[in-house]
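How do the chains of this assembly meet, and how are the copies arranged?

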Amino acid sequence: MMTLSGKEMYDLASELFPICRSITGNGVRETLRLLQQHIPSMLIHEVPTGQKVFDWEVPNEWNIRDAYIINPRGEKIVDFKKNNLHIVGYSEPVDRKVSLGELNEHLYSLPGQPLAIPYVTSYYTKNWGFCLPEHQRAKLEPGDYHVFIDSSLTEGSLTYGEIILKGHSTEEIFLSTYICHPSLANNELSGPVLTTSLAKWLSEMTERRLTYRIVFIPETIGSIVYLSKNYKEMKKNIIAGFNVTCVGDDKNISYLESRDGNTLADRIAKHVLRLIDSDFLSYSFLERGSDERQYCSPGIDLPVVSIMRTKYGEYEEYHTSYDDLSFISAYGLEGSQLIYQKCLEGLETNKTYKTNVLCEPQLGKRDLYFPINCPRSADELAPLLMMKNLLAYCDGYNDLLTIAEKIDAPIWKLADIIANISKKDPSLLRIIDDRIDKECDL
Amino acid sequence: MMTLSGKEMYDLASELFPICRSITGNGVRETLRLLQQHIPSMLIHEVPTGQKVFDWEVPNEWNIRDAYIINPRGEKIVDFKKNNLHIVGYSEPVDRKVSLGELNEHLYSLPGQPLAIPYVTSYYTKNWGFCLPEHQRAKLEPGDYHVFIDSSLTEGSLTYGEIILKGHSTEEIFLSTYICHPSLANNELSGPVLTTSLAKWLSEMTERRLTYRIVFIPETIGSIVYLSKNYKEMKKNIIAGFNVTCVGDDKNISYLESRDGNTLADRIAKHVLRLIDSDFLSYSFLERGSDERQYCSPGIDLPVVSIMRTKYGEYEEYHTSYDDLSFISAYGLEGSQLIYQKCLEGLETNKTYKTNVLCEPQLGKRDLYFPINCPRSADELAPLLMMKNLLAYCDGYNDLLTIAEKIDAPIWKLADIIANISKKDPSLLRIIDDRIDKECDL
Amino acid sequence: MMTLSGKEMYDLASELFPICRSITGNGVRETLRLLQQHIPSMLIHEVPTGQKVFDWEVPNEWNIRDAYIINPRGEKIVDFKKNNLHIVGYSEPVDRKVSLGELNEHLYSLPGQPLAIPYVTSYYTKNWGFCLPEHQRAKLEPGDYHVFIDSSLTEGSLTYGEIILKGHSTEEIFLSTYICHPSLANNELSGPVLTTSLAKWLSEMTERRLTYRIVFIPETIGSIVYLSKNYKEMKKNIIAGFNVTCVGDDKNISYLESRDGNTLADRIAKHVLRLIDSDFLSYSFLERGSDERQYCSPGIDLPVVSIMRTKYGEYEEYHTSYDDLSFISAYGLEGSQLIYQKCLEGLETNKTYKTNVLCEPQLGKRDLYFPINCPRSADELAPLLMMKNLLAYCDGYNDLLTIAEKIDAPIWKLADIIANISKKDPSLLRIIDDRIDKECDL
């Protein structure tokens, strides 16, 4: 039952970095094949071009082999093979001479970041274009430029990966990450590599209370595709979900709430983050920008939040060539992994208990209390006080997470106390949770 | 579809100012006749003396022709014809000589405001009296005074005006203002002239979603009379109401909550005021003092608030001869009108929408989105973000006002976005609001 | 209808102080007999050793006649007859020589408070021990010590006192205090003496709306015993309860909430305390430590709070020989009594009213209003405003306490206004409270 180490996650990101991903195409397939080496139980699905998915339809498949611009002097000045951000995603094929004036209508650069190549796409409007640093663009001279894009936009399919890890209960935890950006490290590769590590760890667990649904999809259209095929089951079963993105740097810890703002996913995320770093940044659903847009949309209403390091859009390297492997680190990935593990472990232990006796149970006769009542230090009393406070709220209504918040104790400590009580007297507490404890179809 | 201008409202107030109004009598009738010239659809009702109205009954009708005091030297020192505040409202007729001692028991003045004539009434206790400036009273010498009041207190009726403007829906907006004070400008004439302007504007609208019930009544007894005749229908239909008073100065913007504090009237008032002047003054229902005392009373429970400029009782000119035409202005009246219009327009547009698709709608194919995904400035993105946030809450539960508050946007901007979406694709949103959209008995 | 004075309560505490109480035994019986002299209606119950009470059982009865330590020099250095705190509660009999090493395992002292004798018990683990000041213990020399404890631990019973004072309603107020500590003044005797005074006062009332259940019990095991016999009836009838402890000093006023935090007991306690001393200390249920641990336990869920002066555990004299008669005072006891009386009187008057008319009642015709409407000072208007605000919330839903909080007025002032209105017009208000007004089985 091992996660990947921070170093292993970083190395996996490095291996994936050069691949030119988009919302469809072979870059996605190659990415999934590499992840599958760590998580063999992943199934890879293909959904054909043209399939209707709610208000959308699956677009043509895009693949690209080469692209460049040759300037009037015959020099190759922009080369897809050097950096796949140079090409506007979903560019149609082109091979002709254009004037600087016409070329400029197809060029994208960032005046405020003159050395960065921006990341640009045009999925649903036929177009072509190149991205380049502003400082390079500024030097372009009048004349004829040869633009060449060897791409294809044809019927094909959209590809995604899916792992279902059954637990004792049909209640599900949902992890979603995306695999549609070319060479971008924090937004995006940090997400898939952390999710791969978590999937590996979960799949090797000997005992799972909950079921896990983990998907590697292209952003937006991928989550819409996946929901259109699975949303009824997902609405029935998912109790908490996480959109895993931007988890590779080590600057901040950020939380983006669900549309509801108070789902189980929000509650566990805030509980864990408060304990790990009470200065974490909290973002409203109004500041969303990834697949929670679909998962939390009206009528879908899944309990999905994001726990990130520095949020997309909040760092200037975002969606530029500076979001590269130097922006993320093994240390950053490992910290994110710790938070996600605490959340998932917390959800695993989050049952609702009720004492089987009225009034306080007699702890002494179960060897859970001091034999003699004499003055003691606060430190000596603290663990006992936590146990008594826990028991005072085991009323069959509060789940463990609610109690943890009420009595200001980490849920993992409460889970340890529950384990200790159950060892001393298995009959003192019973679990009040019909669904989890009746459905055991593992 | 025109309101009166600020100047026109001010002129109307000036025309009404000299009339001696009270809770009954010819001053009320003359006032209503002048208002009717602007709003011909107003009906004028007469309710006879002695009619039981809940715990009260309609009092005798009071009319007054002349009143004065002649001092021992034979000088007319207090003269109703110079200022109708000189007479205590509902004074019974009197014509005799009294000593200074007896006279003093019938005189009212303000020690703290030596130049002001106070406004005093004695509706339900038979009495007579005169009001005068403290500085004048202080100079009265011993001797015989001739007091003369040519008034009548006889069976008659209580008079009020009422306009019902039908809309597509039976749901009603209620506007109430009072017409029972003599020559007082902010409290009271600002209310009737603004309400007249709003009634004119509403009656000339080509299309009204909501029905409007607008009344011009004497305060307290008038609202009790009106409720006793109409409260069952009012309770069934009124979704928001406003008691229009003290809207003529330009010093403050004030809001007085309903008894419930969170009705639709409270919500739209606070939404509009926050946007127009976030420093508006907010008064608790405990600080009430006008007809919301009746409209919000237990068992009546109408959703009625007041939006005022400087609240009654909060300015020292209140209920004195200094609350004259110099205290109000065209500018102040026009500002108040703007606020009321924003509230009424907001209520007109406040429907509950639901998107007809699951997940985010594809905005691009409806020409509601940029064709290409490239870096853009926050200013460029803001309108799109507002539209996306609006759609994210069009879940069939949140009305437009709730969404406006959630996403911190003016309801009028959201109404514009809804209109634009509906133009591009009329089938994307449907209205969830049984009552409004089924009952169309215009 | 008289309470004890502060002086009388203090004298009663002084009379009870020397008695060696524990959770069972003759000290409890003697204490109850002395209290019974003030409250003859108290019944004394005996519950036999071995009886099962929820998760617990009634322990053997403990009685002690003498106990001491004689040092190697033959000096009696620790003597139960000088201070009954010297003996560990529930010590088994012993009469032998022990080395200083063995003796030390049975000695209890407070290193941080070298002059204080601590209070120690060992109810459920057979043991024996002595408590002494640290400074005395530090001087003990090696050698043989004679330890002597003349106690008995035999089948017997647990003793408690109970008073039921019937009212017009079956709804009950519950007062609980404990009588199981030896010579300790604030924690504990302040509780029983105040409760005795309140019981006397309540029992002499000519008219009681509510029923009162008052118990004098040993802490923890006593409340468990009492609940095991009565909890069904208590759950049905108790609307508010108070655990009376630590009410004898005059340093602070403290409130400890119920587990729910918002019961009627919490509401009246906070209302009264805010008015009497808005700086009162407020403790969370997590800081509980007395019989609310049982009364508020899951499945019992009684609305029980504590109003204290300085809370147990929050003063350094707590559970030491310094919590003696000099720590409490007649003044402190009397202040606590005032607070409890205000709470009980508040609950007696806390009915739910509804006006029998729609709109505001006409106060003038009932002689509840000024005959003439002229400018008046805020002071002159205040009582009238309070009456109007009270009436504005007499809607059949808000009880008097809710209104008191809403309009920021003491419940006792509102009760006076209600009385005055009812005198002027008994038909204006009706009481909406099925249970209280239908069940009159006094």
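A salt bridge here is a side-chain nitrogen of Lys or Arg within 4 Å of a carboxyl oxygen of Asp or Glu. By that rule, the interface of chain B and chain A has 4 salt bridges. The model is a predicted one.

**Chain B against chain A**

One of the salt bridges pairs Asp395(B) with Arg259(A). Their closest N and O atoms are 3.3 Å apart. Polar contacts link 13 residue pairs between chain B and chain A, counting pairs with both residues at pLDDT 80 or more. On the side of chain B that touches chain A, helix 10 (residues 378-393) of chain B gives the most, with 6 residues. That side of chain B has 14 nonpolar, 3 polar and 6 charged residues.

In all, 23 residues of chain B touch 27 residues of chain A. About 2100 Å² is buried between chain B and chain A, and carbon and sulfur atoms give 55% of it. Which residues of chain B lose the most area to chain A? They are Leu358(B), Cys359(B) and Glu360(B), with 31% of what that side buries between them.

**Chain A against chain C**

Here chain A brings 23 residues and chain C brings 27 residues. The two chains bury about 2100 Å², with 54% of it on carbon and sulfur atoms. Leu358(A), Cys359(A) and Glu360(A) supply 31% of the area that chain A buries against chain C, more than any other three residues.

Glu360(A) also forms a salt bridge, with Arg293(C). The closest N and O atoms of that pair lie 2.8 Å apart. Between chain A and chain C the count is 4 salt bridges. Residue pairs in polar contact number 13, with both residues at pLDDT 80 or more. Helix 10 (residues 378-392) of chain A gives the most to the side that touches chain C, with 5 residues. The residues on that side of chain A divide into 14 nonpolar, 3 polar and 6 charged.

| Asp395(B) | Arg259(A) | 3.3 Å |

**Symmetry**

What rotation superposes chain A on chain C? A rotation of 120° does, with 0.0 Å of shift along its axis and an RMSD of 0.1 Å. The two copies are therefore related as by a three-fold rotation axis. Asn262(A) comes closest to the rotation axis among the residues of chain A, with its C-alpha at 13 Å.

Conventions. Residues numbered from 1 in each chain as written. Chains lettered and ligands numbered in written order. Predicted model: local features only at pLDDT ≥ 70, side-chain atom pairs only at ≥ 80, totals over all residues. Heavy atoms only, no water. Contact = heavy atoms within 4.5 Å. Buried area = accessible area lost by both parts, 1.4 Å probe. Polar contact = N/O pair within 3.5 Å; in protein donor to acceptor, adjacent residues only side chain to side chain. Helix = DSSP H or I, 4+ residues; strand = E, 2+ residues; numbered from the N terminus. Nonpolar A, V, L, I, M, F, W, Y, C, P; charged D, E, K, R; others polar. Least-squares fit on C-alpha atoms with pLDDT ≥ 70 in both.
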